[in-house]
Amino acid sequence: MNNHSSRPDDVLLSVRDLHVAYGKAEVVHGLSMDVRAGEFVVVLGRNGAGKSTVMHAISGLVPKRSGTVSFAGQDLTHATSRQIVQSGIIQVLEGHRVFQTLSVEDNLMIGTYAKSPHGDRSKLAAIYELFPELAERKQQMASRLSGGQQQILAVAQGVIGEPKLLILDEPSAGLAPMVVDRILTVATELCAKGLAILLVEQLVEKALKHAHFAFLMETGRVAAAASSTEIGQGDLLHRVFLGGGEPLSESEK
Ligand SMILES: Nc1ncnc2c1ncn2[C@@H]1O[C@H](COP(=O)(O)OP(=O)(O)O)[C@@H](O)[C@H]1O
Ligand SMILES: [Mg+2]
């Protein structure tokens, strides 16, 4: 367990008073959130709370109605998604979206475009070391991988772009517990190497076990922000997740 009660001083990502709307319907209402250097942060909340929307706003994939985003001292509020990637924020989208008709290796090469316009084969070796399950299957077409392997490939495709902050949006969705553990363990390893991790996750217990700090979201707002230990012990977590009959964790399904 990595939980610690005091956070590092060095703020890497800072989201302030963020509002996001789809058409006229505002779904994020003045949210503030930060990630410190080297931190593993998890965002919890029921379906529809606005977690993905916040991640998309950070990555520049949906427009912000108002509010600011800064990263490593740089104001990214009005930056394009391309500029945001180049500044070091890479998001692995919900639903392991890899290129089905390309090989594992070609999918990884696409990940290197984040840093080099023509791709960079020299990054492959380190990634295969980190993900031996991909090394074994480098020439296989992605469509022939299992759902779990595809999700690991999606994560690897993000990691190979050498982000300073890796955003993982529900990497465990629909996967077997062993694969989930593998993904969270890799995220913890990456974090130990200095990457900051921002994870959106439905498997509350598992996520809190790996993360340092947690934000609990309720209908477009932060309902609580505290160390994983404190959030795990708090009543609010139970209220947010059990209030509407949503499972607290995999063990209670
Ligand atoms: N593209 C979209 N257009 C309109 N409404 C959307 C869109 N995406 C999400 N929403 C709505 O915004 C709210 C937050 O969704 P989302 O950010 O996906 O939540 P979460 O990731 O926490 O499940 C929900 O009410 C959802 O229906
Ligand atoms: Mg979502």
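Predicted model: local features only at pLDDT ≥ 70, side-chain atom pairs only at ≥ 80, totals over all residues.
Colleague: Which residues are buried in α6?

Modeller: In α6, the buried ones are Gly148, Gln149, Gln150, Gln151, Ile152, Leu153, Ala154, Val155, Ala156, Gln157, Gly158 and Val159. Buried means under 20% relative accessible area, exposed over 50%, and partly exposed in between, with a 1.4 Å probe and protein chains only. Helices (H or I, at least four residues) and strands (E, at least two) are DSSP runs, numbered from the N terminus.

Colleague: Why call α6 largely enclosed?

Modeller: Because 12 of its 13 residues are buried, α6 is largely enclosed by the rest of the structure. Its cover includes β6 (89–92), α3 (104–112), α4 (124–130), α5 (132–135), β7 (165–169) and α7 (177–192); contact here means heavy atoms within 4.5 Å.

Colleague: And α7, what do its buried residues pack against?

Modeller: They pack against β3 (40–44), α4, α6, β7, β8 (196–200) and α8 (204–210). Among those buried residues are Val179, Ile183, Leu184 and Cys191. After α7 comes Gly194, with a positive phi near 115 degrees.

Colleague: Changing topic: which residues are around ligand 1?

Modeller: Tyr22, Val27, Arg46, Asn47, Gly48, Ala49, Gly50, Lys51, Ser52 and Thr53, each with a heavy atom within 4 Å of the ligand. Helix α1 (residues 51–59) gives the largest share of this shell, three residues.

Colleague: How far are Gly48 and Lys51 from the ligand's oxygen atoms?

Modeller: A backbone N or O atom of Gly48 is 2.7 Å from an oxygen atom of ligand 1, and a polar side-chain atom of Lys51 also lies 2.7 Å from an oxygen atom of the ligand. For Gly50, a polar backbone atom is 3.0 Å from a ligand oxygen.

Colleague: How much of ligand 1 does the protein cover?

Modeller: The protein covers 55% of the 560 Å² of accessible area that ligand 1 has on its own, by the Shrake-Rupley method with a 1.4 Å probe.

Colleague: Last one: where does His19 lie?

Modeller: His19 is in strand β1 (residues 11–22). A polar atom of the His19 side chain lies 3.4 Å from the backbone nitrogen of Gly30.

Note on methods:
Residues numbered from 1 in each chain as written. Chains lettered and ligands numbered in written order. Heavy atoms only, no water. Polar contact = N/O pair within 3.5 Å; in protein donor to acceptor, adjacent residues only side chain to side chain.
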